[in-house]
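Here's a quick briefing on the salt bridges in this structure. Take a look at the model first, then read on.

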Amino acid sequence: MDSLPGRPTSAAQTTLSRIMTALDTNLLGTVHGGVIMKLVDDVAGAVAQRHSGGPAVTASMDEMAFLEPVHVGDLVHAQGRVNWTGRTSLEVGVRVVAEPWNEVRVAKRVATAYLVFVGLDADGRPREVPPVLPETEEDKRRFAEAEIRRTHRLARRAAILKSRGMGESG
C-alpha cells in the first residue's frame, strides 16, 4: 500500500463552542466534568476524522486535566488539533477555554486533554492515516511530547500485561 500524503497540523484544527446552562451543572453548582469531557471527545473526534479522511474512533483518553471550574453562563471553546500520527493511529490535543458569555474578557484555560484515535476502514479494521506535518515550533514540540506519551502508554500496557502473566497480545 502506498503511503498517504501528509497533512499540515492546521488542516484539521477545529473548535467547538457551547454556552453552559443549569442543565450542565453538578451538585456543587459548577459544570459537570463529564459535560466538558463530552465536548472534548466531540471536538477530538471531528479533528481525527477530518485529518484521517474518514471514520476514526476514540481508542483512549491518555490524559485529562481540569484546571479551573466552569460556571453556568460560561461560553466554553474546545480547540483540537492533531499532535502526532502513527500508521493507523493519531493523538489529538484539546485545549478548553471559558469566558463569560456576556462580557468581553480574556478566556481562561479550564482543561486540557490528549486522546488517541484509530482510523477505521469500511469493515471496522484499522486503516492507514495520513502523517501530520508539523508547521511551527509549537507543533514540533507537541509532536515530540506526544511521542513521549506514546512511549509511556506502551510501556504501561506492557507492564500491566506482564503483571498479569500475559504476553503482549493480552
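**Salt bridges at a glance**

The side chains of E145 and R141 come together in a salt bridge, with N to O at 2.9 Å. That term covers a side-chain nitrogen of Lys or Arg within 4 Å of a carboxyl oxygen of Asp or Glu, and by this rule the count comes to twelve salt bridges. This is a predicted model, where local features need pLDDT of at least 70, side-chain atom pairs count only at pLDDT 80 or more, and totals for chains, interfaces and linings use all residues. Residues are numbered from 1 along each chain as its sequence is written, and side-chain values use heavy atoms, leaving out hydrogens and water.

**Within helix α2**

- E145 and R141 sit four residues apart in helix α2, so about one helical turn separates them. (Helices are DSSP runs of H or I, at least four residues; strands are runs of E, at least two; both are numbered from the N terminus.)
- E145 is partly exposed at 30% relative accessible area, and R141 is partly exposed too, at 40%. (Buried means under 20%, exposed over 50%, partly exposed in between, with a 1.4 Å probe and protein chains only.)
- Shared partners tie E138, R141, R142 and E145 into one network of salt bridges.
- E137 pairs up with K140 in a salt bridge, the closest N and O atoms being 3.4 Å apart.
- E137 is exposed at 61%, while K140 is partly exposed at 43%.

**Across the chain**

- R81 forms a salt bridge with D139, with 3.0 Å between the closest N and O atoms.
- This pair links distant parts of the chain, 58 residues apart: R81 is in strand β4 (residues 74–85) and D139 in helix α2 (residues 137–163).
- Both R81 and D139 are buried.
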